[in-house]
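The sequence and structure come next.

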Amino acid sequence: MEVTRRTFLVSAGATVPALAVEDKIYDGGLAPVSLPGDPVRDCPVLPAGARSLAAFRAKCVGCQLCVTACPQQVLRMSKTPGRLMLPELSFQQGYCRVSCGKCAEVCPAGAIAHLSPEQRRHVHAGHAVYHPEMCIAHKENVACDACARVCPVKAIYRIPREGGVPIPVVDAQACIGCGACEHVCPGRPLPGMQVQGHEVQREVKAMDESDVLAEAKRVIKENKAGVVAYRDGVFTAHAAGRGIGPLLSLYDDELAALQGATVVDKIVGRAAAAICVAAGVKAVHGQLMSEGAMQFLKARQVACSADETTPQIRNRDNTGICPMEESVQELDDPLKMIAAIRRKLEQLRRQATMRP
């Protein structure tokens with residue numbers, strides 16, 4: 001008789017959970033499922049409600065009740081010197097679900113605070129880091145949306161790339177470190193998404209729309225940022241600087257933080273509007289917005305508002321049209337407009353270096 005892996009497991013007296021893993025062959029038909037490797041973490045991922053590594057270390061008595069009670073088999077004993085016997089999260093068997101609070105229920109020392117499911121959605125125990133060299137979409141050009149599909153807080157987006165299938169990006173400000181993306185990632189020997197813990201867990205409380213808009217405007221007015229983005233009442237990104245630079249840097253470096261967000265900028269012309277449209281923002285508010293930018297945004301179903309409008313964005317000397325606006329004056333395609341903005345910025349940089 002041919003000996004298969006399953007018959008070997010049965011003959012060896014394998015447990016029911018082991019056989020259940022053996023029966024789980026595919027994740028949504030995307031790729032064969034095998035246990036992912038366990039990444040090296042600079043900081044362990046602790047249960048939401050542990051507050052901080054220092055506080056958890058001081059209160060936890062190492063009783064392992066939370067490890068035993070964890071229905072997802074996510075908690076395990078640490079074998080790291082200095083944290084020996086302290087529970088930490090590993091995402092080989094599952095991930096930490098926001099609807100679960102078993103660890104806090106059984107903890108006899110108060111090392112894990114009781115949190116409602118809604119509170120858990122806003123406690124950031126860690127954040128996922130994307131490793132393209134392990135991602136099958138990036139290295140093998142295989143279409144995969146596993147990480148984005150399972151993320152409970154929609155912190156992972158897929159973006160198109162030239163000549164290949166879409167690849168994921170992580171909104172680190174939104175990610176709560178639950179490990180869902182790491183668990184389902186088919187990348188091997190290690191997953192393409194790997195969660196790093198936070199030494200101090202942070203709780204981000206959502207604000208009302210009017211309050212978060214007022215706060216974003218205050219931050220810009222006080223020159224603490226040149227542009228701010230927020231989503232669902234929580235800031236997702238900001239960048240300092242003047243002109244179009246801060247918004248363009250967010251588009252280049254933190255695209256996931258812009259997608260579906262509201263962008264608040266000091267001055268919004270057609271150039272800034274093009275970047276917002278290409279980034280997939282939901283709404284734009286400008287302290288000053290040109291009439292052309294407003295028309296451009298509305299034509300593409302992007303909500304827009306302004307404290308003040310103007311027929312045209314002028315240059316800093318008020319002697320003519322803003323050079324960024326001039327560069328996109330004859331264009332209407334957002335991506336072509338962004339390319340023209342980059343060319344104009346490079347031209348201005350060269351001119352600046354040539355001045356005595």
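Strands here are DSSP runs of E with at least two residues, numbered from the N terminus. The model is predicted. By that numbering, His285 lies in strand β10, which spans residues 283-290.

**His285**

His285 has a relative accessibility of 5%; buried means under 20%, so His285 counts as buried. Its side chain forms a polar contact of 3.2 Å with the side chain of Asp307. Leaving aside residues up to four places away in sequence, His285 also touches other residues, among them Leu213, Lys217, Val263, Val264, Asp265 and Val268. Ser305 and Ala306 are touched by His285 as well.

**Helices α13 and α14**

The axes of α13 and α14 come within 8 Å of each other and cross at roughly 20°. Angles under 35 degrees count as roughly parallel, and therefore α13 is roughly parallel to α14. The crossing of the two helices, α13 and α14, is right-handed. The residues that make the contact are listed by helix.

| Helix | Residue range | Contact residues |
|---|---|---|
| α13 | residues 270-279 | Arg270, Ala273, Ala274, Val277 |
| α14 | residues 291-299 | Gly292, Ala293, Phe296, Leu297 |

By class, this contact of α13 with α14 comprises six nonpolar residues, one polar and one charged.

Helix α13 is largely enclosed by the rest of the structure, because nine of its 10 residues are buried. The buried residues of α13 include Arg270, Ala273, Ala274 and Val277, and these four also take part in the contact with α14. Ile275 and Cys276 of α13 are buried too. After α13 comes Gly280, with a positive phi near 75°.

Notes
Residues are numbered from 1 along each chain as its sequence is written. This is a predicted model: local features need pLDDT of at least 70, side-chain atom pairs count only at pLDDT 80 or more; totals for chains, interfaces and linings use all residues. Side-chain values use heavy atoms; hydrogens and water are left out. Buried means under 20% relative accessible area, exposed over 50%, partly exposed in between (1.4 Å probe, protein chains only). A polar contact is a pair of N or O atoms within 3.5 Å; within protein, one must be able to donate a hydrogen and the other to accept it, and residues adjacent in sequence count only if both atoms are side-chain atoms. Contact means heavy atoms within 4.5 Å. Axes are lines fitted to C-alpha atoms, for helices over the stretch in contact, and angles run from 0 to 180 degrees between N-to-C directions. Angles under 35 degrees count as roughly parallel, over 145 as roughly antiparallel, 65 to 115 as roughly perpendicular and the rest as oblique. A crossing is left-handed if the near helix is turned anticlockwise from the far one by less than a right angle, and right-handed if clockwise. Ala, Val, Leu, Ile, Met, Phe, Trp, Tyr, Cys and Pro count as nonpolar, Asp, Glu, Lys and Arg as charged, and the others, Gly among them, as polar.
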